[in-house]
Amino acid sequence: MIKEGTLNLVFLGPPGAGKGTQAKMLAASYTLPQISTGDILRSAVKEQTPMGIKAKELMDTGALVSDEIVIGIVEERLVKPDCEKGFILDGFPRTIHQADELKKMLQVRGKTIDHVLSVEVDKEELLARITGRLTCRSCGAGFHTVFDPPKAADTCDGCGGKLYRRDDDKEEAMRKRLDVYEQQTAPLAAYYAEESLLRRINGSGSIDDIQRKLLTILGSEIE
Ligand code: AMP
């Protein structure tokens, strides 16, 4: 049960910090939709929609897709009925312009962000984590060769789908993604600190420990 009816959350953090994993767990605890622009873009790539075809090349090299495309995706998604009780944004916003546009699209609907959860992990650990990352082709679940191995090799524990290594998880693309993060996304921490929305979480413990820390921060939101 969520106090005052809604809980609007944004996850911030570099690629590989565990945002997606944590967002998925919180989404299950609070029964809120997890909106991952990366997941939405990956399904567009898989389905070879015009947007997917346009996005693929940029995604593979670790660059950002245009603000216009991702803002459109989020705008369409946030008006769906399952967002009435709140939402968990994962991977958006990633630029100051996206953050400004998010603020505007919420404002016109009388909504605001409640917390920006910044999951912080240093660069060396990120590189080690991400190069072992495996993703399920069917349901998008994440695993790790060392830190979170699947029960059967190359197979998703959840749905039995085939696991693969994302093109943008290979080392060169990963370095580029970290640079892009530092230049374009990291400034959002100051942006949200200014609005008193930033909650920093050390993201280098176990998955369950980090989830507990998040639930403690959000504890006051649950009845
Ligand atoms: P993610 O799964 O969040 O790591 O996203 C994978 C890739 O999708 C990123 O490296 C970008 O190319 C693209 N992407 C996801 N979200 C955004 C966003 N908010 N702005 C621009 N590009 C994005």
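The sections below cover the basis of the model, the ligand, a pocket, and a few individual residues.

## Basis of the values

The model is predicted, so that local features need pLDDT of at least 70 and side-chain atom pairs count only at pLDDT 80 or more, whereas totals for chains, interfaces and linings use all residues. Residues are numbered from 1 along each chain as its sequence is written, and side-chain values use heavy atoms, with hydrogens and water left out.

## The ligand and its shell

The shell around the ligand holds 16 residues, of which T37, R42, A63, G91 and R177 come nearest; a residue is near a molecule if one of its heavy atoms lies within 4 Å of it. By class, the shell has 7 nonpolar, 4 polar and 5 charged residues, where Ala, Val, Leu, Ile, Met, Phe, Trp, Tyr, Cys and Pro count as nonpolar, Asp, Glu, Lys and Arg as charged, and the others, Gly among them, as polar. Helix α2, residues 37-46, gives the most to this shell, with 4 residues; helices (H or I, at least four residues) and strands (E, at least two) are DSSP runs numbered from the N terminus.

Polar contacts are pairs of N or O atoms within 3.5 Å; within protein, one atom must be able to donate a hydrogen and the other to accept it, and residues adjacent in sequence count only if both atoms are side-chain atoms. An N or O atom in the side chain of T37 is 2.8 Å from a nitrogen atom of the ligand, and the side chain of Q98 likewise places an N or O atom 2.9 Å from a ligand nitrogen. For R42, a polar side-chain atom lies 2.9 Å from an oxygen atom of the ligand. Taken alone the ligand exposes 480 Å², and the protein buries 96% of that, with accessible areas from the Shrake-Rupley method with a 1.4 Å probe (for residues, only the protein chains shown count as cover).

## The second largest pocket

The lining of the second largest pocket comprises 19 residues, with R42, S43, V45, K46 and Y164 nearest its centre. Helix α2 gives the most to this lining, with 5 residues, and the lining contains 5 nonpolar, 4 polar and 10 charged residues.

A pocket is an open set of points, on a 1 Å grid over the protein atoms alone, where a 1.4 Å probe fits, with protein on both sides within 12 Å along at least five of seven lines; its lining residues have an atom within 4 Å of a point.

## Individual residues

H144 lies in strand β6, residues 142-144, and is buried, with a relative accessible area of 8%; buried means under 20%, exposed over 50%, and partly exposed in between (1.4 Å probe, protein chains only). The side chain of H144 reaches the backbone oxygen of R129 at 2.5 Å. A173, in helix α7 (residues 171-185), also counts as buried, at 10% relative accessibility. A173 and D60 are 113 residues apart in sequence, with their C-alpha atoms 7.0 Å apart in space.

Most residues other than glycine have a negative phi, and most peptide bonds are trans. A cis peptide bond, with omega about 0 degrees, joins F92 and P93, and P93 sits in the loop between β3 (86-90) and α5 (96-107). D154, not a glycine, has a positive phi of about 60 degrees and is partly exposed at 40% relative accessibility. S196 has a positive phi near 60 degrees, and is exposed, with a relative accessible area of 54%.
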